[in-house]
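Okay, thanks everyone for coming.

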Amino acid sequence: MLIKFLDIAIGGLLMGGIYALIAVGFGLQYGVARVLNIAHGEFIMLGAFCTWTLFTSAGVTPLVSMLFCAPFFFAIGFVIYRIFFTPLRASSESPAAFEGNSMLASFGLLFVVQNLALIIWGTPVRGYSYLAFPIHLSGAVFSANRIVTLIASIILGSAFYVFLLSTRTGKAIRAAAQDPDAAELMGVRINRVLALCFGFGTMMAALGGLLLSMTSIMLSPVMGMQYTLIAIIVVVLGGLGNIKGCFIGGFILGLVGYIVSSSQPGLSMVAYYVIFLFLLLVRPTGLLTK
Amino acid sequence: MKTAGNKYGSFIALITLLALLVGVPGYMSSYTVILITNILMYVVLTLSWAIFSAPTGYISLASAAFFGTGVYASALLSSSLPLPVVIVIGGSASFTLAFLVGSLTLRLKGMYFTMFTFGLVELVRNSLHWWEVNITGTVGRIILSADNTAIFYSMVGIFVSVLLVSYLIKRSKFGLALESIGESEEAADHSGVNVTRVKAVTFAVSAFFMGAAGATMSMRWTYIDPTTAFNIQFSFMPVLMAIFGGTGHLYAPIAGATVFSLLEEMLTTKFPYYYMLIFGLIMLAVIRFMPHGLEGVIEKWRHRIKRESIVRI
């Protein structure tokens, strides 16, 4: 009984770490840059596929390719925001109009990215195995790569938290999250800060995908959508723009997913959604708000 | 005087359009009949999406859920009941679902509502999939199909009724209440509009037509499973077509849906591998450069023509 309980608790935590990282990126893009990025999952997919390509064709291990993926995807996100969303924000009549337009635009982005991936990598599912040896944790057995992903996502999440709290750019981002117009009046270069946030969000999606690909799941160009949904649910669970909340939400979702999928594999998405629905109705601003 | 003339003109245009449509199966090939049925389906989805989302500003991505409900209602009943009854039942099933969901969730503001509706499609699809695999033991269903002409005429019928209902809502007190909700929900509430009820009823009415369209279309597909019936494409296409056309006048979503579905037809036959990619790029371009859609462009021309004629006088 105890072992079963531990098995569930640790299994949920291991999945939750990645969910949290994905959600921090999503929350940053929606909470600060005001883009409800439906294409978020596509960058998770891209991160996973880039890692797969580097590992199987060049022998670069996933943890090393992180050094390459992080700046690369940050730059992609930054450029997308500067080229497309900055002018869109300027031409939208109101912040609400921008939110609607940018959400629809992210649908366009979803098709572009997903179909580029289909053209490059094709339809067959891919996968690789890395650090797949078992580790025994007080009776329960897990593969080493899952534990590495949990540690990596906690390190990445806390590094970003420290960055937000202790640097000037972090302060600018927090100011922009509260009120973009006021931040601009105070001398924050607002378009640059919003693009930075979008870039960081894209980077975290890609790193989430990189970690996800390490856990021996099957990769396919259409895998992104379910992770977008998970990110949305975790963000609602944890509260928008709350990194600690994202981690708590991610762990809760990981736990629930692990419990449900160990008895009824087809129902885990339904369980997530029921939690989401319940929370939206009871506390739409998140678990941690007062 | 001017508006009366306009109304007269658009009435004549509508009658001509309908007369042309009714004659289509008589003198066109069956390919054209199927193509026009498809266009009409998108027109119906776009118009019914606009009934609720255009005046209120709530962006709903739940169309696929209501469309799919209609498809499944028809899959279950089409062997035992005549087509018009199946269509009405499909629409009513969607109406009920939308009314329940709407009364629960329409107090969510802005993007939270959008997120919710986005997830609703996945919820219904996943639950149904689980149900079919674990309880009924099948995934797909085979439907006894009706002939193309009957499907075509049903779709024309749904098109006419959705147009009529949109028009009646637009010019009624009820439509005014909807617009005031879009402008400022609190102000509408204070001036005596029962905000929640108006929103839930309109949401359900728009879902009725989506369900009816789904029930009709499923007759054409002969084989369905949860993935095809609840394809997320049926959620974003109406939004996209409405954005592309515009939502201020009734002709705008019709024009948007027609142009866009013709475009889709052309792209799928010419570039089967790149069509979704091109589609995404067009979508980005439309949002970036035509924020008011075709309607915006047309109204600009109209204004220019009007101004020029004034100058001449």
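Let's start at one glycine: A:Gly266 is partly exposed, because 16 other C-beta atoms lie within 10 Å. For the cut-offs, 20 or more other C-beta atoms within 10 Å of a residue's own makes it buried, 12 or fewer makes it exposed, and in between is partly exposed, with C-beta atoms placed from the backbone.

Quick housekeeping: this is a predicted model, where local features need pLDDT of at least 70 and side-chain atom pairs count only at pLDDT 80 or more, while totals for chains, interfaces and linings use all residues. Residues are numbered from 1 along each chain as its sequence is written, and chains are lettered from A and ligands numbered from 1 in the order in which they are written.

Back to our glycine. A:Gly266 sits in the loop between helix H10 (243-263) and H11 of chain A; helices here are DSSP runs (H or I, at least four residues), as are strands (E, at least two), numbered from the N terminus. And what is A:Gly266 in contact with, leaving aside its neighbours within four places in sequence? The answer is B:His129, B:Trp130 and B:Val133, where contact means C-beta atoms, placed from the backbone, within 7 Å.

That takes us to where the chains touch. Chain A puts in 31 residues and chain B 32 residues. On the chain A side, the elements giving two or more residues are helix H3 (62-91), helix H4 (95-121), helix H9 (224-238) and helix H11 (268-282). H4(A) has the largest share of that side, 15 residues.

Now the inside. The largest nonpolar core has 184 residues, and A:Ile22, A:Val234 and B:Val44 have the most contacts inside it. By core I mean buried Ala, Val, Leu, Ile, Met, Phe, Trp, Tyr and Cys residues joined through C-beta atoms within 7 Å. Helix H8 (residues 190-214) of chain A gives the most to this core, 17 residues. Take B:Val44: setting aside neighbours within four places in sequence, its contacts are B:Ile158, B:Phe159, B:Val162, B:Phe209 and B:Ala213. There's also a second, separate core of five residues, including B:Leu178 and B:Ile181.

Last, chain B as a whole. Chain B has 14 helices and two strands. Of its 313 residues, 44% count as buried. And of the contacts in chain B with a separation of 6 or more, 79% are between residues 24 or more positions apart. Okay, over to you.

Notes: Two residues are in contact if their C-beta atoms, placed from the backbone, lie within 7 Å.
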